[in-house]
Amino acid sequence: KIAVIFPLTGHTGAAMANNVKNALTMCADSLNKAGGINNQIIEMKFYDCRNADPKEGVSIARRLVAVDKPQIVISMISPVVINTNPIFEEQKILNLAVCQSSNLLVESTNYTLRTHISTNQTGHAIATSIVKDFGKKEVKVLYANTEFGQASLASFKQAADELGLVYSITSFEERDLSYRNYILK
């Protein structure tokens with residue numbers, strides 16, 4: 001049993017969450033068609049923490065540990081991850097934390113795995129690649145004005161400054177779909 005707590009509606013993370021939901025569903029379907037894992041079918045249930053609301057996430061987490069008792073939880077977006085994580089740690093439920101900032105899980109965890117590289121690594125890798133792989137000395141940066149976007153930007157700026165990369169920055173609000181216009185410009 002896998003429980004998935006994603007912001008499937010609202011403006012914070014819903015587009016990304018639905019894409020990841022589709023990918024998870026495709027993987028589970030593919031594995032189940034091949035007999036599952038160790039001949040057990042994967043049962044995956046999705047829960048909407050609307051707009052990455054930490055209170056909604058906590059409510060879902062409490063229901064899960066009391067009623068559904070999943071073996072694995074996949075949670076997404078920093079506010080939800082940090083507020084639900086203590087519940088899963090206490091219950092010894094494996095929590096795969098997706099898209100949460102590098103500085104949020106400061107306490108030692110035994111049952112939480114981050115499923116992506118940190119924002120510090122992301123920003124540094126992007127700046128380094130722009131200079132070393134693409135040979136560029138100047139770049140325009142467009143980033144989502146979210147906690148994750150700001151943390152990635154801070155890491156990028158630090159690496160860019162060290163590398164002598166000149167940059168200009170434009171932000172967009174995640175719920176504002178006009179970011180496409182910034183890209184086109």
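These legends go with a handful of close-up views of a predicted model.

Local features are described here only at pLDDT of at least 70 and side-chain atom pairs only at pLDDT 80 or more, while totals for chains, interfaces and linings take in all residues of this predicted model. Numbering starts from 1 along each chain as its sequence is written, and side-chain values rest on heavy atoms, with hydrogens and water left out.

**View 1. The whole chain, before zooming in.** Read from the N terminus, the order is β-α-β-α-β-α-β-β-α-β-α-β-α. Of the 185 residues in the protein, 36% are buried; here buried means under 20% relative accessible area, exposed means over 50%, and partly exposed is in between, with a 1.4 Å probe and protein chains only. Take the contacts (heavy atoms within 4.5 Å) between residues at least 6 apart in sequence: 56% of them join residues at least 24 apart.

**View 2. Arg50 and Glu56, a salt bridge.** The closest N and O atoms of Arg50 and Glu56 sit 2.9 Å apart. Arg50 counts as partly exposed because its relative accessibility is 47%. Glu56 is partly exposed as well, at 22%. Searching the whole structure turns up 2 salt bridges, and the next view has Arg63 paired with Asp68.

View 3. Arg63 forms a salt bridge with Asp68, and the closest N and O atoms are 3.0 Å apart. Arg63 has a relative accessible area of 38%, so it is partly exposed, whereas Asp68 comes in at 19% and is therefore buried. Lys69 is in the loop between helix 2 (54–68) and strand 3. Its phi is near 50 degrees, a positive value in a residue other than glycine. With a relative accessible area of 52%, Lys69 counts as exposed.

**View 4. Ile87 on helix 3.** Ile87 is part of helix 3 (residues 78–91), and its relative accessibility of 14% is why it counts as buried. Setting aside residues up to four places away in sequence, Ile87 touches Val58, Ala61, Arg62 and Val65. Val65 and Ile87 are 22 residues apart along the chain, and their C-alpha atoms are separated by 8.1 Å.

**View 5. The second largest pocket.** This pocket has a volume of about 280 Å³. Its 15 lining residues include Lys1, Ile2, Ile37, Ile42 and Glu43, the ones closest to the centre. Some bookkeeping on the method: on a 1 Å grid over the protein atoms alone, a pocket is an open set of points with protein on both sides within 12 Å along at least five of seven lines, and lining residues have an atom within 4 Å of a point. Grid points are joined across faces, edges and corners, and the volume is the space filled by probe spheres set on the points. Helix 1 (14–33) and strand 3 (72–76) each bring at least two residues to the lining, with helix 1 giving the largest share, 4 residues. By class, the lining comes to 11 nonpolar, 2 polar and 2 charged residues; Ala, Val, Leu, Ile, Met, Phe, Trp, Tyr, Cys and Pro count as nonpolar, Asp, Glu, Lys and Arg as charged, and the others, Gly among them, as polar.

View 6. Leaving out neighbours within four places in sequence, Asn32 is in contact with Ile41 and Ile42. Phi of Asn38 is near 55 degrees, a positive value in a residue other than glycine. Asn38 is exposed, with a relative accessible area of 72%.

**View 7. Cys27 and Cys49.** Cys27 is partly exposed at 46% relative accessibility, while Cys49, at 0%, is buried. How many disulfides are there by the rule used here? The count is 0 disulfides, where a disulfide is a pair of cysteine sulfur atoms within 2.5 Å.

How values were computed:
Salt bridge = Lys/Arg side-chain N within 4 Å of Asp/Glu carboxyl O. 1 Å grid on protein atoms, 1.4 Å probe; cavity = no way out; pocket = protein on both sides within 12 Å on 5 of 7 lines; lining within 4 Å.
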